[in-house]
Amino acid sequence: MAKWGQGDPRWIVEEREDGNNVNNWHWTERDATVWSKGKLRELLVGIAMENEAGRCEISELKQVEGEASCSSRKGKLIFFYEWNIKLAWKGTVKESGAKHKGLIEIPSLSEENEVDDTEVNVSKKKGDGDILKDLMKTTGTAKVREALGEYLKALKTEFTTGMILPTKAVATQELTIEKKLTENTLQASPVALGVRIPTVSLHLTELFDTTVEQLYSIFTVKDLVQKFSKSPTVLEAEKGGKFQMFDGNITGEYVELLTNRKIIMKWRCRNWPEEHYATVALNFVPAPGQTELQLDCKGVPVCKEENTKFCWQKQHFEEIKGLLQLTTQNV
């Protein structure tokens, strides 16, 4: 038996205030599926290419099936991802002005293959316009692979923030360095308090085949939120209460709750600028046999507008409708 203070340092339990995964020895796993779907849409939709013959653009993410996750063991990160992706593209021939549409299919994006070797298939609807198809097969394919590479880079950096925790010794060292830097900065010159973030506002409306009471409860009852989000949830549905959804990708705080009428909350995505929140207002409006949900979201970073729309329309509204349909069938 090793003497006190000796032995494999990976087994030494250090004092950490947060009590998390000492020395990063234990197995931890984080589901990256929801985050990845939003990221892929953000990076792929809107890609444009142009030459003397015409101009093309990826207009829609029609399908993204699969999963992704990141695991931490013995201080190392292990990634798993497997995706089947289908994109819609549209283009215009410069000489004639003729418009054409087609599809891009990526049957298998996975950790087993390099991005440059990932299969990218381009097709076009019947008719002329092969010059646009050729543009998509050359420049378009290269840009798609480049975007997939950006996704993998973000998965391994942006998404994994906080998964590898510093040991007590490293944390103490970092704190000392940070303290010295702070002291030097204060002595040197005043520092700007922050940078203004360009933002936009979103307004979405959606009809649900349910009562106001039931729809309101889906946003305020923990078990129901977990069912439509398909992930563990932290939820304190009261003024000042915190919430955390989609494996921590969505967090915020309730500002106001008017039962069956309105919810106002501070709301943010994990990949937004640090400490930046949007203000979300959900209004529940009764309609004959249905409920209209009116969403106003103010303060969304400009670069995250499409990603935020996707989050609400696909990951909230569509999933809630699926839950309501399943509940109806069971009844």
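Rings of Phe, Tyr and Trp, the last taken by its six-membered ring, pair if their centres lie within 6.5 Å. In this predicted model, the count by that rule comes to 10 aromatic pairs. Ring pairs join Phe208, Trp267, Trp272, Trp312 and Phe317 into a cluster.

**Charges over rings**

Arg30 is placed over the face of Phe159, and Lys156 is placed over the face of Phe79. The distances to the ring centres are listed below.

| Charged residue | Ring | Distance to ring centre |
|---|---|---|
| Arg30 | Phe159 | 5.4 Å |
| Lys156 | Phe79 | 5.7 Å |

**Positive phi in loops**

Phe246 has a phi near 50°, a positive value in a residue other than glycine. This residue is found in the loop between β9 (242-245) and β10 (250-258). Is Phe246 buried or exposed? Phe246 counts as buried because its relative accessibility is 3%, and the cut-off for buried is under 20%.

Glu275 has a phi near 65°, again a positive value in a residue other than glycine. The loop that holds Glu275 runs between β11 (262-269) and β12 (278-287). With a relative accessible area of 61%, Glu275 is exposed, the cut-off for that class being over 50%.

Phe246 is buried, whereas Glu275 is exposed.

Conventions:
Residues numbered from 1 in each chain as written. Predicted model: local features only at pLDDT ≥ 70, side-chain atom pairs only at ≥ 80, totals over all residues. Heavy atoms only, no water. Phe/Tyr/Trp six-rings, centres within 6.5 Å; stacked < 30°, edge-to-face > 60°. Lys NZ or Arg CZ within 6 Å of the ring centre and 35° of its normal. Helix = DSSP H or I, 4+ residues; strand = E, 2+ residues; numbered from the N terminus. Buried < 20%, exposed > 50% of the residue type's maximum accessible area, 1.4 Å probe, protein only.
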